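I am opening a notebook on this structure and will write down what I look up, one topic at a time.

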Amino acid sequence: MKRSKVDIYSDVLECICSEGGKIGKASPTRVARRANLPYDRFQKILEHFIGLEMVNRTKDGLLITAKGLICLEQICRSKEFFRRMGLSI
Amino acid sequence: MTREVLMVIGFISLLLNLLLVFFFFKAYRYQRSSIVLCLPLGFLFLAISYVFLFAHFFYPYVPGLSSPLMWLRVVTQTLGYTLIASSYLLSRKNNRTSKFSFSTLSVWSIVSVISLFGLLLVIDPIGTLSIYSINGIFTAANLALLTYILYFIITNLEMKQGSVYGLVSAPIAFAFLWLGQFSFLIWKFDGGTASLYSSEITRVISLILFIRIYYLVSRGCSRPIDINEEK
């Protein structure tokens, strides 16, 4: 099934988290691969997140900011809410 | 006495519905899907219908105002249920993204309803009163729409992967809405206060159940934001 834009964005943020993004050590290549995205497309999404201050670059890799974590939490919350309302989105 | 009680229940329904609309639009901001969009809009129209009902209880004996108010109440309510049902209908089809914002949609919905109300007041069509007198048809349509929603949710419960915990709250809430409409239909025939109260109370219960779903999700999905802790 084709992923929506929101699904792709939340996948990227989740992958950054699970690859060590909370301590600024997420490798961009590994995140792109884990999120199942071509690297050029991942770069565009990453630049977008950096512009929104959701993700920062550090010397060791990528760091997810508090704003990024809040956004991820809100996406998870809204998805779960609509799932419980009986909508599969 | 009945009028005062109905006014209080109507006001509670309105407040609960507005709260629910706020939660739905808040959730929509993070999904931006046309499927999801119909749900908050539908509840917004239901809230608008409660405003008309409340206004009708407030000005019951103004002849030029009462009939268009109740006509609009019935129409906006059916429109609300139609939008909610279309949300479930659309979820079977392709998911498309939407760029509409909360303020744009709210303003457009409210402006269109006020324009319709103004038009009814100005031109005062002869058929207005007669249409309201057959509002049992609208109630039957609401029941059909709610039946479809219930059928959709219940048949899709088994198809979900993983846990079904928490997924039964929505059908229960919709069942209460259905019961409310059914009681209203009975009231149209027997005219008893018990069925009228029942229709109002079940509606309030259903709105509380919807709000409870959001509350449980908010509590369950919260993750500790501890980026500084792990540094």
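In what order do the elements of chain B run from the N terminus on? I read them as α-α-α-α-α-α-α-α-α, and I count nine helices and zero strands in chain B, where helices (H or I, at least four residues) and strands (E, at least two) are DSSP runs numbered from the N terminus.

Before going on, I note that this is a predicted model, in which local features need pLDDT of at least 70 and side-chain atom pairs count only at pLDDT 80 or more, while totals for chains, interfaces and linings use all residues. Residues are numbered from 1 along each chain as its sequence is written, chains are lettered from A and ligands numbered from 1 in the order in which they are written, and side-chain values use heavy atoms, with hydrogens and water left out.

From the C-alpha atom of I12(B) to that of A140(B), 128 residues apart along the chain, the separation is 24 Å.

**A helix pair.** I next took helix α1 (residues 2–28) and helix α2 (residues 34–58) of chain B, whose axes come within 9 Å and cross at roughly 160 degrees. α1(B) is therefore roughly antiparallel to α2(B), a term for angles over 145 degrees. The residues of this contact divide into 24 nonpolar, two polar and one charged (Ala, Val, Leu, Ile, Met, Phe, Trp, Tyr, Cys and Pro count as nonpolar, Asp, Glu, Lys and Arg as charged, and the others, Gly among them, as polar).

**Cavities.** How many cavities of 30 Å³ or more does the structure hold? I record six, a cavity being a set of points, on a 1 Å grid over the protein atoms alone, where a 1.4 Å probe fits but cannot get out, with lining residues having an atom within 4 Å of a point. The largest cavity has about 80 Å³ of space, and its lining includes R73(B), F184(B) and E200(B). α3 (63–90), α7 (169–190) and α8 (193–221) of chain B each supply at least two lining residues, and α7(B) gives the most, with four. By class, I note two nonpolar, four polar and three charged residues in this lining.

Notes: Axes fitted to C-alpha atoms, helices over the stretch in contact; angles between N-to-C directions. Parallel < 35°, antiparallel > 145°, perpendicular 65-115°, else oblique. 1 Å grid on protein atoms, 1.4 Å probe; cavity = no way out; pocket = protein on both sides within 12 Å on 5 of 7 lines; lining within 4 Å. Points joined across faces, edges and corners; volume = space filled by probe spheres on them.
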